[in-house]
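Subject: Structure for your files, with notes

Hello,

Here is the structure, followed by notes on what was found in it. Please read the notes with the model open.

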Amino acid sequence: MPRAKANGNTHGGNVKKKRTERPAWRRCLDIFLICLSVLSVVALLATAYGGYLSPLKYGGKVGVLPLCFPFAAIAAIAVLLVDVFFSRTGVFITGIGILFSAGPLLDFFPLHPTKANAPEGVETFTLLTYNAYQFMPRESADGAGNPTLAYILECNADIVCLQEALLIAPSEKTGITTAQIDSLHTLYPNIIHSNEGQCLLSKFEVNPIHLNANDDSFAGGDIGAYRVTLPSGRLVGIFNVHLNSYYLTDDDKELYHGLTRLHREPIGDIRHRLIDKLATAAVGRARQTQQLMRWLRLYGGPDAIVCGDFNDVTNCYAVHTLADAGFRDVYTRVGFGPMHTYNANRFYFCIDHILSRGALKPMWLKKGRLRSSDHYPLEVEFALAGNGNN
């Protein structure tokens, strides 16, 4: 009898084991999803924090990583949704990765839906930054003159920082009229052109800061620096930058179009015609950022603004490096949702930025919808909120 009882228990254990053992296909699926979750987290973290690495030290390809962050974030969220239904371990892995990327995610998708108003009696001023595309109109203004200049006049910002604005004069080619020029000089008594294409328009008194930007230290970019005196007498340093472009040819852009249409493209073409060019441009911007930091230490002052066409995204090396000098991106403080400021060739990235430090507190930021240039304009209102970072 004891032997029969033992045999019976063994038989029951085998039945229980067969009932709890998962099919082979399910075990394979679990392993696949765990591997996929790990890969998605690695890609997410690399692109989220790659901007902290210097392309000058670690190579230009690390400078390409921040550009890929939106795609990595979307992929990680998609993997997480699949894990919810099929893999508890995958949920844990992907969830931890997204949690550790919360800071960069909130920089990309800030959550400030309401527009703030400055307290009564606090001094404020507005600033507009715009890559003017040499005022070559990409859309018609219906005979009303140059659309870019018309927008600037209508915007009526106190300070305007322009990039790629080599010449502002009446021209049949650009459509700029004499009436527009007269209105511009009436509205902005202080106009300063710097280097090749930087221009500042100001309602307030302004003095240029003379930088030696014609040597190799800022090669491939452009910069104008100014010291503006507000009506209260407060001095604000403004650095109007245009960092290294990607210099993509029409063929390069067509290759990118093929990628965005999910067409199959040769891996060699992607590497040599896109990634290598992006990496080279990242090295150039890193070098310019280091020179910009030297000028900021010398001439920046406690209250300062860096704005313009960075040709790079929010979590890039330049933005992180400027953070070490106390500068914070305006859009991450007052914006809501993702934003793109480039509107051509399907490069829908936010590559124009406004950063500030000191007593300059941003109240709101607005992106214009004008498509006269290949960039969108950005306008911000600042309030002087005492001393310190805001």
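Arg 26 and Asp 30 both sit in helix 2 (residues 24-49), four residues apart, which is about one turn of the helix. Helices (H or I, at least four residues) and strands (E, at least two) are DSSP runs, numbered from the N terminus. The two side chains meet in a salt bridge, with N to O at 3.5 Å; the term stands for a side-chain nitrogen of Lys or Arg within 4 Å of a carboxyl oxygen of Asp or Glu. Arg 26 is partly exposed at 24% relative accessibility, whereas Asp 30 is buried at 10%. Buried is under 20% relative accessible area, exposed is over 50%, and partly exposed is in between (1.4 Å probe, protein chains only).

This is a predicted model, in which local features need pLDDT of at least 70 and side-chain atom pairs count only at pLDDT 80 or more, while totals for chains, interfaces and linings use all residues. Residues are numbered from 1 along each chain as its sequence is written, and side-chain values use heavy atoms, with hydrogens and water left out.

Other salt bridges

The structure holds six salt bridges. One of them joins Asp 276 and Lys 61, whose closest N and O atoms are 3.6 Å apart. Asp 276 belongs to helix 10 (residues 267-299) and Lys 61 to the loop between helix 3 (55-58) and helix 4 (69-86), so this pair ties together parts that are 215 residues apart in sequence. Both ends count as partly exposed, Asp 276 at 22% relative accessibility and Lys 61 at 46%.

Helix 10 also supplies Arg 285, which forms a salt bridge with Asp 312 at 3.3 Å between the closest N and O atoms. Asp 312 is in the loop between strand 8 (304-309) and helix 11 (317-323), and the pair links distant parts of the chain, 27 residues apart. Arg 285 and Asp 312 are both buried.

Another residue of helix 10 is Gln 291, buried with a relative accessible area of 10%. Leaving aside neighbours within four places in sequence, Gln 291 is in contact (heavy atoms within 4.5 Å) with Ser 217 and Phe 218.

The buried residues of helix 7 (residues 147-155) are Pro 147, Thr 148, Leu 149, Tyr 151, Ile 152 and Cys 155. Their cover includes strand 1 (124-131), strand 2 (159-163), helix 8 (178-187), strand 4 and strand 12 (378-384). At the start of helix 7, a side-chain oxygen of Asn 146 comes to within 3.0 Å of the backbone nitrogen of Thr 148.

Most residues other than glycine have a negative phi. Asn 156 is in the loop between helix 7 and strand 2 and is partly exposed at 36% relative accessibility. Phe 135 likewise has a positive phi of about 60° although it is not a glycine. Phe 135 is in the loop between strand 1 and helix 7 and is buried, at 1% relative accessibility.

Strands

Strand 3 (residues 190-194) and strand 4 (residues 198-202) pair in the antiparallel sense over five bridges; two strands pair if DSSP finds at least two bridges between them. Ile 192 stands opposite Leu 200 in strand 4. The two strands, 3 and 4, form a hairpin with three residues between them, and Asn 195 in the turn has a positive phi of about 55°.

There is also an open sheet of six strands in the order 5-6-7-8-10-9, with mixed pairing. Strand 5 (205-209) and strand 9 (328-329) are at the edges with a single partner strand each, so one side of each has no neighbour in the sheet. Strand 5 runs antiparallel to strand 6 (residues 222-229) and is joined to strand 6 by five bridges. Val 206 has Val 228 in strand 6 as its bridge partner.

Surface

Leu 106, Phe 108, Phe 109, Leu 111 and Phe 336 make a nonpolar surface patch of about 480 Å². Patches are made of residues with over 30% relative accessible area and no salt bridge, with like charges joined within 9 Å and nonpolar side chains (Val, Leu, Ile, Met, Phe, Trp, Tyr) within 5 Å. Accessible areas come from the Shrake-Rupley method with a 1.4 Å probe; for residues, only the protein chains shown count as cover. Leu 106 lies in helix 6 (residues 102-108) and is partly exposed at 46% relative accessibility.

Regards

Terms used. A polar contact is a pair of N or O atoms within 3.5 Å; within protein, one must be able to donate a hydrogen and the other to accept it, and residues adjacent in sequence count only if both atoms are side-chain atoms.
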